[in-house]
Amino acid sequence: AWVHGDPRKVIYPTDSYGQFCGQKDTANENKTILFYFNILKCASPVVLINLQCPTTQLCVSKCPDRFATYIDVQASYRYKPDQWNYFRQFCKPGFNNPRKSVAQVLRDEDCPSMIIPSRPFLKRCFPDFSTKNGVLTVANQTTFRDGRGKTRNVTDLREAANGINNVLDARSVGVKIFEDYAISWYWILIGLFIAMIVSLLFLVLLRFTAGVLFWIFIFGVIGIIGYGIWHCYWEYDHLKGIPGSDLTVYDIGFQTDFRVYLQLRQTWLAFMILLCIVEVIIILMLIFLRNRIRIAIALLKEGSRAIGYIMSTLFYPIVTFILIAICISYWAVTAVFLATSGEPVYKVMANQTLCKYANLTCDPESFNTTNVTKLCPGAQCTFAFYGGESLYHKYIFIFQLANAFVFLWLVNFAIALGQCTLAGAFASYYWASRKPADIPLWPLFSSFGRAIRYHTGSLAFGALILAIVQLIRVILEYLDHKLKGTQNSFTRFLLCCLKCCFWCLEKFLKFINRNAYIMIAIYGKNFCTSAKEAFFLLMRNVVRVAVLDKVTDFLLFLGKILVAGGVGVLAFFFFTQRIPIFAQEAPMLNYYWVPLLTVIIGSYLVAHGFFSVYAMCVDTLFLCFCEDLERNDGSTAKPYFMSASLHRILGKKELSPKKA
């Protein structure tokens, strides 16, 4: 890619001769805009941008600003030379022969038959469309002459105009959004800083509030379901004696208006029974899983305490972000070089529809020596697109897949490195006999050094397995997109099943990899051994895993919503000038939702970055806790490393020395 690619093919428009517009040290250095001889031949803006419009394209320094036809300019060039000098800048370079017949000029496409007021967009001249009293116009005119003896209506350009106007409207909105960012960026940074502070406070306070938040939520759910049961019973009793309420669902059959079913006692009875079953299940789970829930909450509190001792771990996601940004940049640049590594392909462009050579490839250097121009008068060999027929060009798609695979592998490796580093730091906290006295100095940096020095191969192997599955998912999505128009039900069903299976496989592998990296950080064994030991350790504690996972997910989700929602509400009142103290400080915006959405999304991502560290901490402490229970018995010879709160939850029976 780096040898054959040329990003200038993306940066600069290309004229009919394969030359770049605006490229330095060339004849087109000051001609930065692409001009189309007959834009009516172009079907849509997409065609223009892809350089597939079947008309001559030239590089010009500026777009036309008036209506003019070649016939009128040629007829008046003797007494109005200024008009001719203006018009010929849109003709082929070097053409200055107004005496040449109009038919020959148009046949050879030396000059356009007409020029239309245009403005540059995406470095291309597009008609200057506008609406006047709901009517589409160009320079306040609804008709124009096409230079071939016909008066055309501006609506002839409607297909191109609709798409272009939408894009131009988007550009106008884009400019306003950029202005909003320019005057509110420091307030956005202040909002994100507040989100960071709130996230830190939430994590620190979790050691005191984790249990309270969880039990408030649980009892809230029980109360809501209890109210639902009472309401269903009230509706059931209220409908007693009302004509028609004793009918069954089977009697009335299927009804599109579902409110009909709410008039039946049977419906409310079914709802009441269902809610009673859910209520009983929740209460039984709380009764039988109470100790495991207490362990999960204790581990959450312990995680908050561990982060309090190793605060540097909260900022490690910045390292992961930088590594992933480097991976994305490398992939994107390489993909652009691959996409632009084609050679210029020229094709015959003929004015005659019956020309048998039309759209065939040609060589511009030898084109005039062939008999094509004799058989098809006015035919030209013009640039069409970038491509090639060599072995290299045939496999560019395969190279793009390989580039995508390397990208997935590197990203997964960066994530794995972060997980292993954090796991090593938090494991050093758990296995310290006296906390925090026995925690190593600089635990995060020490863990990072160990991961780089000893575990690179294991992390790369785990990332490789995940990248292979993700690449298969990408290929399946590509095939699904290509086959979307087919009517083969079996093919669609098979693709759907495969996509579902590989989605589940990816989720499973992420779970296994995450825990394997924790075991690697603890014991330093290879990936396969660590994955096997982590899997069986989790299976021996499967109920604890499920309870801890759900409790953690709930509290972290609650924290993300709290941070993003709280900062978002504050930003809303600020940017809408509803806080009297800061009303004068709030910037005047085109769209107040631009910085507002940025603050909300940014706050959520900031909270996610901090809480991902917390989730890794809890998972690491949980595996260490399970290992601690299996390796030690609480005796003097094999003391537990767990905290005092976990001691109390487990009880004295499990802590007594084992008898011989």
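Predicted model: local features only at pLDDT ≥ 70, side-chain atom pairs only at ≥ 80, totals over all residues.
1. Start with how the chain is divided. Three domains are assigned: domain 1 covers 7-164, domain 2 covers 208-308 and domain 3 covers 343-387. If you look for domain 2 and domain 3, you will find their C-alpha centres 74 Å apart.

2. Next, have a look at the largest nonpolar core, which holds 90 residues. Leu299, Phe426, Phe611, Tyr614 and Phe625 have the most contacts inside this core. Helix 19, running over residues 593-631, supplies its largest share, with 18 residues. Apart from this core lies another one, of 20 residues, including Phe37, Tyr86, Cys91 and Cys125.

3. Then turn to the largest pocket, with a volume of about 1,800 Å³. Its lining is made up of 50 residues, and those nearest the pocket's centre are Gln419, Arg514, His608, Ser612 and Val613. By type, the lining residues of this pocket divide into 30 nonpolar, twelve polar and eight charged.

4. Which helix gives the most to the lining of the largest pocket? That is helix 19, with 13 residues. Other elements that give two or more residues to this lining include helix 6 (158-238), helix 10 (316-339), helix 13 (396-430) and helix 15 (456-482), as well as helix 16 (489-523) and helix 18 (542-575).

Terms used
Residues numbered from 1 in each chain as written. Heavy atoms only, no water. Core = buried A, V, L, I, M, F, W, Y, C linked by side-chain atoms within 4.5 Å. Buried < 20%, exposed > 50% of the residue type's maximum accessible area, 1.4 Å probe, protein only. Helix = DSSP H or I, 4+ residues; strand = E, 2+ residues; numbered from the N terminus. 1 Å grid on protein atoms, 1.4 Å probe; cavity = no way out; pocket = protein on both sides within 12 Å on 5 of 7 lines; lining within 4 Å. Points joined across faces, edges and corners; volume = space filled by probe spheres on them. Nonpolar A, V, L, I, M, F, W, Y, C, P; charged D, E, K, R; others polar. Domains from an automatic or database assignment.
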